[in-house]
Amino acid sequence: MPQMLHLSFPVFDGNESLYLQQAVSSGYLATNGAFINKFETKLSKRLRSHQTVGLNSGTSALHLALVLLGVGQGDEVICQSFTFCASANPIVYLGGTPIFVDSEEESWNINPEILEDAILGRLALGKKPKAIIVVHLFGMPAKMREILEIASKYNIPVLEDAAEAVGSTYQGQFCGTFGKLGIYSFNGNKIITTGGGGAIISNDTSLIEKAKYLSTQAREDLPFYQHLEIGFNYRMTNMAAAIGLAQLEKLDQFVQKRRQINQRYRELFKDFPGISFQTEYDDAYSNFWLTTIIIDEKVTGFSNDRLRVQFFKNGIETRFLWKPLHLQPVYKTVPFYGGLVSEQLFLKGLCLPSSVNLSEQDQYRIFEIVEREFSKIS
Ligand SMILES: *Cc1c(COP(=O)(O)O)cnc(C)c1O
């Protein structure tokens with residue numbers, strides 16, 4: 001059997017080995033060394049007026065960001081329900097409660113109207129949410145203008161989970177740079193990777209300095225270890241940053257490639273009735289980290305799961321979209337505002353192979369499998 005075609009497999013065809021070797025020769029592999037600074041500087045430069053702190057995962061970046069926003073025991077934080085568990089788990093690490101909000105049909109991200117309902121609902125209970133976590137799912141920007149308007153109306157800070165949206169823009173501005181804080185993930189399957197890694201993004205220098213301080217165990221600048229606060233061991237390593245720098249050099253190319261893959265899927269699937277795609281609406285420019293489709297079984301005659309099994313038999317990995325967090329057993333007692341939008345996306349959706357090195361032949365093979373399912377029906 002040929003090698004499995006994965007959803008998102010990393011490509012290391014740039015300076016990764018060279019920089020890694022340089023990091024090894026320098027003797028600095030842990031949380032000191034030249035590559036951390038180089039990586040942060042290059043990333044920050046892309047974001048223009050924003051600065052970044054390299055961390056060891058997207059999850060730790062979210063955890064630290066919530067600490068910086070002052071989230072603690074008993075606090076409520078609004079969070080998009082349609083996302084990976086890592087968006088909400090750090091709220092619970094801090095003794096807080098997530099309040100889940102449904103998505104809107106176009107971007108599949110947090111619905112601004114329901115967001116306002118949720119804020120009003122919590123205020124009526126005497127609980128003002130401490131923060132709003134917005135996610136740019138699969139790389140598609142959320143409706144930031146409407147979201148920021150509501151956030152500022154009620155004076156609640158926005159934390160952008162841009163883990164999947166490195167390189168995506170909204171009205172020409174990079175995702176992750178709209179909120180008080182933003183985060184990226186550089187996990188192995190994301191659009192660029194450091195093995196494992198993440199970053200906090202902000203245009204507030206004091207928050208950036210505080211994030212660095214807390215991520216290295218909150219050490220005071222003294223000849224002995226003295227601590228005024230509880231810190232974390234969350235800093236990015238020099239080894240990870242070496243790989244990250246090489247990956248960052250390729251980011252624009254990777255985004256172009258993933259967008260091409262998405263475009264080609266759209267062309268290949270355009271005559272299949274009942275199969276649709278995530279909308280790249282007017283203000284949005286997606287990195288199309290993953291191409292995702294919605295299968296309307298009433299029209300196609302087959303379900304997303306039936307297609308998934310066919311793909312699997314042919315050595316092709318596909319996966320359902322994120323199961324909304326309000327439907328997760330672990331979060332069953334958590335308040336949810338909304339309807340069935342994210343639930344329907346979960347029940348009908350499928351993520352398709354979207355790796356940068358996916359070939360046209362591979363995409364054609366994927367097309368043929370879908371075509372075959374249609375021919376079985378008719
Ligand atoms: C990957 C991901 C994270 C977590 O990032 P890690 O680096 O894996 O800890 C958080 N949120 C979303 C939406 C993600 O896709």
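These entries record what I looked up on domains and helix packing in a predicted model.

**Basis.** I number residues from 1 along each chain as its sequence is written, and side-chain values use heavy atoms, without hydrogens and water. In this predicted model, local features need pLDDT of at least 70 and side-chain atom pairs pLDDT 80 or more, while totals for chains, interfaces and linings use all residues.

**Domains.** I found the chain divided into domain 1 (16-250) and domain 2 (252-377), with bounds from an automatic or database domain assignment. Their C-alpha centres lie 26 Å apart. I noted 47 residues of domain 1 in contact with 38 residues of domain 2 (contact means heavy atoms within 4.5 Å). The two domains bury about 3900 Å² between them, 61% of it on carbon and sulfur atoms; buried area is the accessible area (1.4 Å probe) lost on being put together, summed over both parts.

**Helices α5 and α6.** I looked up α5 (residues 112-124) and α6 (residues 144-153), whose axes come within 9 Å and cross at roughly 15°. That makes α5 roughly parallel to α6 (angles under 35 degrees, taken from 0 to 180 degrees between N-to-C directions of lines fitted to C-alpha atoms). Helices are DSSP runs (H or I) of at least four residues, numbered from the N terminus. P112, L115, E116 and I119 in α5 meet E146, I147, I150 and K153 in α6.

**Helices α11 and α13.** I then took α11 (residues 304-313) and α13 (residues 360-377), whose axes come within 10 Å and cross at roughly 130°. R306, L307, Q310 and F311 in α11 meet I366, I369, V370, E373, K376 and I377 in α13.

Terms used. Helices (H or I, at least four residues) and strands (E, at least two) are DSSP runs, numbered from the N terminus. Angles under 35 degrees count as roughly parallel, over 145 as roughly antiparallel, 65 to 115 as roughly perpendicular and the rest as oblique.
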